[in-house]
Amino acid sequence: MTTNNPIFGLQRDLDNARDSLIIINDSIKRIVGRSKNEKDCRLDNRNDIIAFNKSILSTSLNKRTNDSKSVFNRLSSPPLKQAKKMKPSLTSRVIRELPSRQEILRAQCSDSESIARNRRMFGALLGTLNKFCQEESRQKQKEERKAQIEKKLEEQELNERESLKKERQSLFYYRKCKQIEIKCLEERICRVKDFEAWETSTINLKSYIKTKTIPSIYFKPKYLNPETENLLADCNAALSKLITKKRRDLDDDLNAMKDSHQITELDMDDCANL
């Protein structure tokens, strides 16, 4: 750095770094709060979907049970009027011969009403079986659709969680870099301020003559003669040379501090890549 007033550029860089750090902190707060709220919203939506699917399944199961009960009730229970007319049977001592199975089949085959009744019962059974098959098919489709929805929700939640994790890691990394940069700039500014204070006090000594004794003494004669003028010029030249050397040392120190800051950032990059 060869500028006469490096503190102005360093102060500008420091202000910019502090502004960037504020923006990064705000982004971290927004991301952390958003991830929590989004997780709650995703859980609520997922619970709503699961509750909706459960309500549909319970409704279909109740309907299926009621339908099956109504069909079997129609098939098994006698009509209401017949039930009222039925009386409890009394034990009888009359012994009659029961017809054989073949006779019953022949009688049923010859009876048109029995044939029609058997056909109706068989048709009702087939209808009930078809309803069961349709309900099973619909139930299976609903379960598959529910499984697909839950799988998509889980994948979406996993992807969003991974994306937020990477974004948070990136923001934390940049915040650490900015903190290191701010610390380095503050150290460089302190170094420049110390040099400027020393330079100001040293320049004030140019109107004095430095003795060669140890410790040195600076004095200012009331009247100058050729000899004291030569001594004063020699002292000014020595002070100017010393200030130039100190300024070069300052530039070397500032560059070394800047390089150390860049090396630290490279080390952080390597750690981040690991």
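1. From the N terminus on, the elements of the protein chain in this predicted model follow the order α-α-α-α-β-β-α, which amounts to five helices and two strands, where helices (H or I, at least four residues) and strands (E, at least two) are DSSP runs numbered from the N terminus.

2. Because the model is predicted, local features need pLDDT of at least 70 and side-chain atom pairs count only at pLDDT 80 or more, whereas totals for chains, interfaces and linings use all residues. Residues are numbered from 1 along each chain as its sequence is written, and side-chain values use heavy atoms, with hydrogens and water left out.

3. The mean pLDDT (the predictor's confidence in each residue, from 0 to 100) of the protein chain is 76, with 66% of its residues at 70 or more. Over residues 74-78 the pLDDT is below 50, and this stretch has four contacts (heavy atoms within 4.5 Å) beyond near neighbours in sequence. Residues 80-84 also stay under 50, with zero contacts beyond four places in sequence. Where pLDDT is low, the predicted coordinates should not be read in detail.

4. Among contacts in the protein chain with a separation of 6 or more, 83% are between residues 24 or more positions apart.

5. Of the 274 residues, 19% count as buried, that is, under 20% relative accessible area, with exposed meaning over 50% and partly exposed in between (1.4 Å probe, protein chains only). Cys184 is buried at 8%, while Cys190 is partly exposed at 45%.

6. The structure holds zero disulfides, a disulfide being a pair of cysteine sulfur atoms within 2.5 Å.
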